[in-house]
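Here are my notes on this model, written to be read with the structure open beside you. Each point takes up one feature.

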Amino acid sequence: MKNLYVDDFSHTVQISKLSIGLNVSEAGVIKEIEPNQFVRVKSIEGNSVIKLENTVGDGILLSEGETEYFFIDCHIELVSGSVNIMY
């Protein structure tokens, strides 16, 4: 991972903000989450597909229970499935 914080002992440290998760199960653009931040996305209740708003392509497939971390610079669109997003 690039752009990680480096502490006083030259160790890289992953930084995250604790927040309330948002469960989304209806396809469409998720406007509740503001762009330009790191988010944690976990697929719940089966496989899910997400992509960034107004982008071309099929999106990213997340298997049930899979968790990924992203820096988003625009809104996320849920194509299919259900996800929990921490932001």
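**Notes on the model**

1. The count comes to one salt bridge, a term used here for a side-chain nitrogen of Lys or Arg within 4 Å of a carboxyl oxygen of Asp or Glu. Its partners are Glu-53 and Lys-31, whose side chains meet at 3.4 Å, N to O. Glu-53 sits in the loop between strand 5 and strand 6 (60-62), and Lys-31 in the loop between strand 4 and strand 5, so the pair links parts of the chain 22 residues apart. Lys-31 counts as partly exposed, at 48% relative accessibility; on this scale buried means under 20% relative accessible area, exposed over 50%, and partly exposed in between (1.4 Å probe, protein chains only).

2. A word on what you are looking at: this is a predicted model, where local features need pLDDT of at least 70 and side-chain atom pairs count only at pLDDT 80 or more, while totals for chains, interfaces and linings use all residues. Residues are numbered from 1 along each chain as its sequence is written, and side-chain values use heavy atoms, with hydrogens and water left out.

3. Do have a look at strand 8 (residues 76-86). Strands here are DSSP runs of E, at least two residues, numbered from the N terminus, and two of them pair if DSSP finds at least two bridges between them. Strand 8 runs antiparallel to strand 3 (residues 21-24), with four bridges; Gly-21 has Met-86 as its bridge partner. Strand 4 (residues 28-30) also pairs with strand 8 in the antiparallel sense, over three bridges, and Val-29 is partnered by Glu-77. Nine bridges join strand 8 to strand 5 (residues 37-52), again antiparallel, with Val-41 opposite Ile-85.

4. Which residues have the most contacts inside the largest nonpolar core? They are Ile-30 and Ile-85, in a core of 13 residues. Such a core is a set of buried Ala, Val, Leu, Ile, Met, Phe, Trp, Tyr and Cys residues joined through side-chain atoms within 4.5 Å. Strand 8 gives the most to this core, with four residues. Beyond four places away in sequence, Ile-85 touches residues including Ile-20, Leu-22, Ile-30 and Val-39 (contact: heavy atoms within 4.5 Å).

5. Finally, the aromatic rings. Phe-38 and Phe-71 pair edge-to-face, 5.2 Å centre to centre with 70 degrees between the planes. The rule asks for ring centres within 6.5 Å (Phe, Tyr, or the six-membered ring of Trp), with planes under 30 degrees apart counted as stacked, over 60 as edge-to-face and the rest as tilted. Because Phe-38 lies in strand 5 and Phe-71 in strand 7 (residues 67-72), the pair ties together parts 33 residues apart in sequence. Phe-38 counts as exposed at 52% relative accessibility, and Phe-71 as partly exposed at 46%.
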